[in-house]
Amino acid sequence: MRKNVALGAVACALVLAAGFVGLKASTSVQASGARAGSDVPEAFRKRPRVVAIVEFSSSAHASQYLEGVKSEAASLGLALEVMDARNDRKAMSDMLDNAVLQKVDGILISHGDPELLRKGAERAVARGIPIVSFDNELPLPEVTMMDQNDHKIAEIGLTRLLKDTGGKANIVHIWVPGFAPMEKRMQTYTRMMTEAPGIHEVERFGKATNNSALQTEVQMTEVLKKHPKGTIDAVWATWDEFARGATAAIRKAGRSEIKVYGIDVANEDLEMIQDPESPWVATVGCPAAAVGRVQVRILGYRIAGRPVPHYYSLEPVMVAREMLPPGRGEKVTLESLHRFVPAFGDTTDFTEPWIMALKEKNKK
């Protein structure tokens, strides 16, 4: 998954060339499916074997993503094997090579280093094995890529921060390089900060580990010691693991003047945002389980030989404290969040009649 900003630019060019696709952008794909009828494609007469190769599963977002992958694979009748590299990118490359040797029918990739995975992906393409990657921008035209529209995620969150602070604030930026979504978010951050001279970044740090929240709490605690009360106004955390750690440190230090703005949404995040005494006031993201479900459906299209866009992006949504009931009232979860934030929900993209027929068949 490690890559530089230049690869992010390449991805943007691919988006423009291939046609960027959001939640509502699959209308033509669905319409063509309606004409095709509900007959199950020949490739699904047997049970296709699919491998999901993930860089990590330890974060809340990654865990929810995998639940979406597993549930959708089961509903489509796919024989799914999950390979978890546990933050070892070289191991992830070996897993991809192994999947190709197994001659599986399709491969899902989540994160990872595109350069380390490129040769394995080329071998898969040569053998006719379709690949759909999430948050990994393999520079191969045969690989279908998807993300959460990370440029827009950053723009929505930073716009809220700018509004709340009146465009004048000292901020802490928690970010880590080498991850496709992080690089895109940084591109938007860099652009927006040049247009906001009243915003001053006083600290930047970040580290992705098996316990990033705890690591961030330790680092943020040191930052708070270095910058006394009144010298930090806000934290922009580019991952909810970072936001949770920063929130914990700020609360323990009694620094209620600092507000936290995050990215991604999990049940633990919602509990913190609902709490009126919590510094975490807003986050932006997509339902992680929906990411996994739509990635599986796209792979199903590829296995069936149906057309899909080269690049697909879900539409991110802001979740802010004022949108939710008071923290001591009804507890909001991912399952009930759509009642308060209607835009935060699943997508029906890539659900041609044959997909629905498969789902119905596998209910029995």
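Six strands make up an open sheet of mixed pairing, ordered β7-β6-β8-β9-β10-β12. Strands here are DSSP E runs of at least two residues, helices are H or I runs of at least four, and both are numbered from the N terminus. Two strands count as paired if DSSP finds at least two bridges between them. The edges are β7 (199–205) and β12 (317–320), each of which pairs on one side only. On average, neighbouring strands of the sheet are turned by 20° against each other, direction ignored. The model is predicted: local features need pLDDT of at least 70 and side-chain atom pairs pLDDT 80 or more, while totals for chains, interfaces and linings use all residues. Residues are numbered from 1 along each chain as its sequence is written, and side-chain values use heavy atoms, without hydrogens and water.

Strand β6 (residues 169–174) pairs with β7 in the parallel sense, over six bridges. Within this pair, His 173 stands opposite Arg 204 of β7. Helix α8 (residues 212–226) packs on the sheet and touches β6, β7 and β8 (234–237). Its direction makes about 130° with that of β7. Contact means heavy atoms within 4.5 Å. Axes are lines fitted to C-alpha atoms, for helices over the stretch in contact, and angles run from 0 to 180 degrees between N-to-C directions. Helix α10 (residues 267–274) lies across β10 (280–285) and β12, at about 145° to β10.

The largest nonpolar core contains 57 residues. Such a core is a set of buried Ala, Val, Leu, Ile, Met, Phe, Trp, Tyr and Cys residues joined through side-chain atoms within 4.5 Å. Buried means under 20% relative accessible area, exposed over 50%, and partly exposed in between (1.4 Å probe, protein chains only). Met 220, Val 235 and Leu 337 have the most contacts inside this core. Leaving aside residues up to four places away in sequence, Leu 337 touches Val 265, Leu 270, Val 319, Leu 324, Val 332 and Phe 344. A second, separate core of 31 residues includes Leu 76, Leu 108, Leu 299 and Tyr 312.

Helix α12 (residues 353–361) has Trp 354, Ile 355, Leu 358 and Lys 359 buried. These residues lie on the same side of α12, because they cover an arc of only 145° around the axis. The arc is that of the directions from the helix axis to the C-beta atoms. Their cover includes α3 (60–75) and α11 (288–304).

Leu 140 sits in the loop between β4 (131–134) and β5 (144–147). It is buried, at 8% relative accessible area.
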